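Please read the following note beside the sequence and the model.

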Amino acid sequence: MMTVNYLTAAVLIVLGLYCVISQKHLIKIVLGLGITDYGINLLIVSIGFNLGGTAPIYTLSDLMNGVSPVYFVDPIPQALTLTSIVIGACVDAMALALVIMIHRKYKTVDADEVRRLQG
Amino acid sequence: MKEFIVHFPVLAVMVLFLGAFLAEIFGFRSRIARRVILLSCVSVSAAMIFALIPAVFLRGEVLTYWMGAWEPAAGYAIGIGYEIDALGLFFALLVVTTFCLSAVYSLRYMERDRHLGHYTTLFLMLCGSVLGLVLTGDIFNLFVMVEIMTFAAVALTAFRGSSHGALEAAFKYLVIGSIGSGMTLSGIALLYLQCHTLNMAQLSAVLSGGLTPASVFALGLMTAGFGVKAFLVPFHTPAADAYTAAPSSVSMVFSGMVNKAGVYGLIRLVYTVFRAMDRESLQITLIVLGTVTMFAGVTMALAQHDFKRLLAFHSISQIGYVITAVSLGTVLGVSGGLFHAMNHTLFKGLLFLCAGAVYYAAGTTDLDRLGGLSKKMPHTTAFFLIGAFSIAGLPPFNGFASKWFIYQAAWSRAVSTGNFFYTVVTVTAVIVSVMTLASFIKVTQAVFFGQLPAQLSQVREVPLTMRIPMAVLSLGCLAGGLFYPFVSETLLAPAAKAVFTPSVYIDAMMGAGTAQAAGVTDAAAAALAVPGTWDPVLWLILLVIVLLAFFLVILTGEKTRGAVLDDGGQEDDGRYATFFGGERALPSHVSGSDLFWGFRKNWDGYFRIAQGLHSGRVNDYASYAVIGAVVLIIVIFLIFGFR
C-alpha cells in the first residue's frame, strides 16, 4: 500500500525534473517544477500515514473518558505538507509572473532564445 | 535587561519581518516613511544581535529559545526552538553587518528606481530570512527560511526588470533554487521518517545510533541542496547571472550573506547534525567540490568583460576556498574557513559596492567602455584597491591572513597524512590566489587607470552615504589583516570550538546529559594552532616602501599620461598604432579584454569549453544541478555503504 505511494512520489519527482531538463518552453519548465513539488508533497504526507489510523483529533472529553489516542496518523507531516504546498504555490506564481515579463521583453518563451547572459 | 536578552534572537528576526509588512503599507508613497522603516529595522535588529556577543563569545554560553515556551517533554522536542551557539552567532554577525551597510548604501544608490516600497519589503524579508536561518534550531524552520530567502532573492534579482538580463537571471535562479530547495525538503522528510523529530539537536542525538540508508540518502540530498544555496560548482550557474543583474546593493547582500547561508547550512549539517566529518572520504569529497569551485570560478572570471559578472565568478571562487578549508576537518582548517567567510563578506561586499558606485556614476559596468576613473572618483578608487588587495591575498589585508590559515591547514594535512591529494589542494589554492590577483589587475587597469573615455568626462564622485559603507568595509578589511590574532581569539576560536563540540549543542537544547545518554562524543579538544609566523606590521612596512617606489617612478615619468581620448574612433585609435603604425606610440588605453590576451590565448581550448558550458540555457543549468546532485548522492552512498 505505502510502497505505491513512495514509488509514485519518486516517479513524479523524476518526471518533473525530466520535464525541467528537456522542455524548452518556459511554462512547461514551470509545470515541471510544480510536478516535482507534488511528488515531494506526496512523499512527506505518506511518511506520516499509518494504515487504519484515525485522525489525530481528540477533544478534552475524549481524553477524560478514556478514548485513548493509541493509533493515529502523524499530524506533523501533514502540517509540513501544507507549508510546502503554500510555498510551492508562491514559487509557481512568481515563476509564471517572470515568464510573462520575459515574454513581454524578449517576445519569446523559448529557453534557447532567453539567454542573453552567457559565457 | 538580563532577563529580556533571551528574547533578542527571535525579536531580531521578527523586527525585520514586521518592517517588511510596514514598508509595504506605509512606504508605498512616502520616501521618508520608507527610509525610517528600513533604517530603524536593520539597526534595531543589528543592535540585538550585537548584544548577544558578551554572552555567547565571551562567556561561552549557548542561548536557547522555545517559541511559546513549548519546552521538550519526555525527551521530545515538541516546539520550534531557536538555538544560538558561537557558530550561529558568528554567521549572524556577518549577516547583520552586511545588511546594515547595504541598507545605508541603497538609500542613494536606488534613488533613481521606481517602486521602492517593494524594494524595502523584499530587502527586509531577505534579511530576516537569512538571520532566521542561522539562528534557528529547527530543521523545518530552516527550510522555510531557505525558501523565503530564495523567494526574496529571486524577486530582488528581477527588481530592475528593464536592465540587461535581469528577468532571465531571476528565472534561472528560481528554477535552480527550487530544485535545491526540493532536495533539501526531501532530505528533511526522510530524516523525519527516520528520527521522528525536526529539532536539530535531537536529530543529532538520535542519529548517533548509526545511519540507516534513508538517513544516508537524506545526507546526500541535503548536502546537494545546501550546495545549491552556497553556489558550489556545478550548482553555481544562476549565481553568476543573478549577481550581475541585481542592483549592486543586493549583489552585496547575495555574496555577503545569501551564499553564506548555504555554507552555514552545510557546516551545521555535516558537523553538528550528522557528525559525519570523521570519515576522511567525505572530507575529500567536499574538498574536491570546493577545489573545483575555486578553480572554475577564477578561470571563468578571467574570461569576463563585465565588472559585476567578473566579481560574481570571484565570489563563487572564494566560496570554494571556504568550503575547502572547512572540509579539512581540523580546527585550523575550520577557523581558516570561517575567517575567510568573514573576510569574503567584507571585501566582496566592498567590491560590489565599488561596482555599484561605478555604475551609479558612469552608467555602465562594461570593462571595455570604462577607464581612467581614478581621477574622477579618487575615494572609490582607493576603496576598490583595498578590496582588490584583500581578495587577491596581498599582505597586510585580511584576505592574506585567512588564505594563510587555509594554506597552512591544507599543507599540515598534507604533511600529517602524507597524502598527495592535500598537496594538490594547497598548490591549487595558491595558484587560484595568483589568478585572482591577475584578474583584479585587469579590472583596476580597465576601470580606474588608463585613459578616460570622452563620454565619461562628466563623471563625479558618488554621494557621501554611498562612500560611508565602503569606508567601513575598507577599515574592516585592514583591521582583519592587522589584528588577526584578536579576531582569531575572540571570534574564530569559539566558533570553531562550537563546530567540534556537538554535545554542547545537544545538551543546551535538550537538557544536560542527553548527549552522553545518546553516546555523542566530541572530538578531542585540540587547542587552536598558532597561525603561522608572519608579522602583519613588517609586511605593511614593506608594502609602503614598494608603493613609495612606484609613486617615485610615476612622478618622474612622462607628463602626457591621462589625456582624454578624443573620440573612440577606429583609424586614429592609439592602441593599434603601437602594433601597426610604426609611428611614435601615443599613450594608449588597454581595455579589460585586451589585458592577459596572451594568457587566455594559451588556454583557448579550456576557455571555449568552459564558456560553452555556461550556455545561458536554463535546461542546461538544471541538468548540471540534477547530475551534480545525483553524483554527490551516489558518492555519499558509496562512502557510508548501502547496508
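1. The radius of gyration is taken over C-alpha atoms, and the globule rule is 2.2 Å times the number of residues to the power 0.38. A compact globule of 119 residues would come near 14 Å, but chain A has 20 Å. The C-alpha trace of chain A spans about 70 × 30 × 20 Å along its principal axes.

2. This is a predicted model, in which local features need pLDDT of at least 70, side-chain atom pairs count only at pLDDT 80 or more, and totals for chains, interfaces and linings use all residues. Residues are numbered from 1 along each chain as its sequence is written, while chains are lettered from A and ligands numbered from 1 in the order in which they are written.

3. Chain A has 4 helices and 0 strands (DSSP runs, numbered from the N terminus: helices are H or I of at least four residues, strands E of at least two).

4. How do α4(A) and α7(B) pack? Helix α4 (residues 75-106) of chain A meets helix α7 (residues 166-195) of chain B at an angle of about 165°, with their axes 10 Å apart (axes are lines fitted to C-alpha atoms, for helices over the stretch in contact, and angles run from 0 to 180 degrees between N-to-C directions). α4(A) is therefore roughly antiparallel to α7(B), a label for angles over 145 degrees. Residues making the contact include Val91(A) and Leu98(A) of α4(A), and Phe171(B) and Leu174(B) of α7(B) (contact: C-beta atoms, placed from the backbone, within 7 Å).

5. Leu350(B), leaving aside neighbours within four places in sequence, is in contact with residues including Phe383(B), Ile386(B) and Met470(B).

Note on methods: Contact = placed C-beta atoms within 7 Å. Parallel < 35°, antiparallel > 145°, perpendicular 65-115°, else oblique.
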